[in-house]
Amino acid sequence: MLPADRVVHTTCPYCGVGCQVDLHLHQDVIFRVSGRYDNQVNRGNLCVKGRFGYDYVHAADRLREPLVRSDRGQDFQPASWEQALDLVAARLAATCERYGPDSVAVLTSAKCTNEENYLLQKFTRAVIGTNNVDHCARL
Ligand code: SF4
């Protein structure tokens, strides 16, 4: 078997169960994924997505930077994370000011950790000021 240069402990990216995995890397390429036994969530087990669904990590056409829609709205331009986040913050603030906080809704993701979902609902309620928050699992 190919020896791993590195083993990275992380959380499966696919769903809110949050199975714990070890990514086995050789020259920065994931060649094997194993479930971790030392946690109560999956106890070493993984479904087919969590065990084999990692092709996207090395996909040539994977997006690696934010893209911002051009002024004409017909194409996308690469932007830094600071530019993209500033733009989103400005547009959210402008929308809330013009139409009120209930004009905004936030949809969280099963790919987020429990803590990230908690932060998103807190941000939605306490910062934006609306209860319009939901989760993709209810779609
Ligand atoms: S291994 Fe399967 S069940 Fe576990 S978190 Fe990933 S997708 Fe969900």
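1. Helices here are DSSP runs of H or I with at least four residues, strands are runs of E with at least two, and both are numbered from the N terminus. The model is a predicted one, in which local features need pLDDT of at least 70 and side-chain atom pairs count only at pLDDT 80 or more, while totals for chains, interfaces and linings use all residues. Residues are numbered from 1 along each chain as its sequence is written.

2. Helix 2 covers residues 81-99 and reaches 27 Å from its first C-alpha to its last, close to the 27 Å expected at 1.5 Å a residue, where the expected span is 1.5 Å times one less than the number of residues. Helix 3, at residues 114-128, should span 21 Å with its 15 residues, and its end C-alpha atoms are 20 Å apart, which agrees.

3. The protein has 3 helices and 7 strands, and along the sequence they follow the pattern β-β-β-α-β-β-α-β-α-β. Its radius of gyration is 19 Å, well over the 14 Å that the globule rule gives for 139 residues, so the protein is more spread out than a compact globule; the radius is taken over C-alpha atoms, and the rule is 2.2 Å times the number of residues to the power 0.38. Along the principal axes, the C-alpha atoms fill a box of roughly 60 × 35 × 25 Å, and 7% of the 139 residues count as buried.

4. Three strands form an open sheet in the order 1-2-3, with antiparallel pairing, where two strands pair if DSSP finds at least two bridges between them. Strand 1 (6-11) and strand 3 (29-35) stand at the edges with a single partner strand each, so one side of each is left without a neighbour in the sheet. Strand 2 (residues 20-26) pairs with strand 3 over 6 bridges in the antiparallel sense; within strand 3, Arg32 is the bridge partner of His24, and Gly35 stands opposite Val21.

5. The hairpin of strand 2 and strand 3 has 2 residues between the strands, and Gln27 in the turn has a positive phi of about 50°. Asp28 lies in the loop between strand 2 and strand 3, and its phi, near 65°, is positive in a residue other than glycine. With 9 C-beta neighbours inside 10 Å, Asp28 counts as exposed.

6. Arg43, in the loop between strand 3 and helix 1 (48-52), has a positive phi of about 45° although it is not a glycine, and it is exposed, with 12 other C-beta atoms within 10 Å. Pro13, in the loop between strand 1 and strand 2, counts as partly exposed with 15 C-beta neighbours inside 10 Å.

7. The residues around the ligand include Cys12, Cys15, Cys19 and Cys47, with a residue taken as near a molecule if its C-beta atom, placed from the backbone, lies within 6 Å of it. This shell divides into 7 nonpolar, 3 polar and 1 charged residues; Ala, Val, Leu, Ile, Met, Phe, Trp, Tyr, Cys and Pro count as nonpolar, Asp, Glu, Lys and Arg as charged, and the others, Gly among them, as polar.

Terms used. A residue is buried if 20 or more other C-beta atoms lie within 10 Å of its own, exposed if 12 or fewer, and partly exposed in between; C-beta atoms are placed from the backbone.
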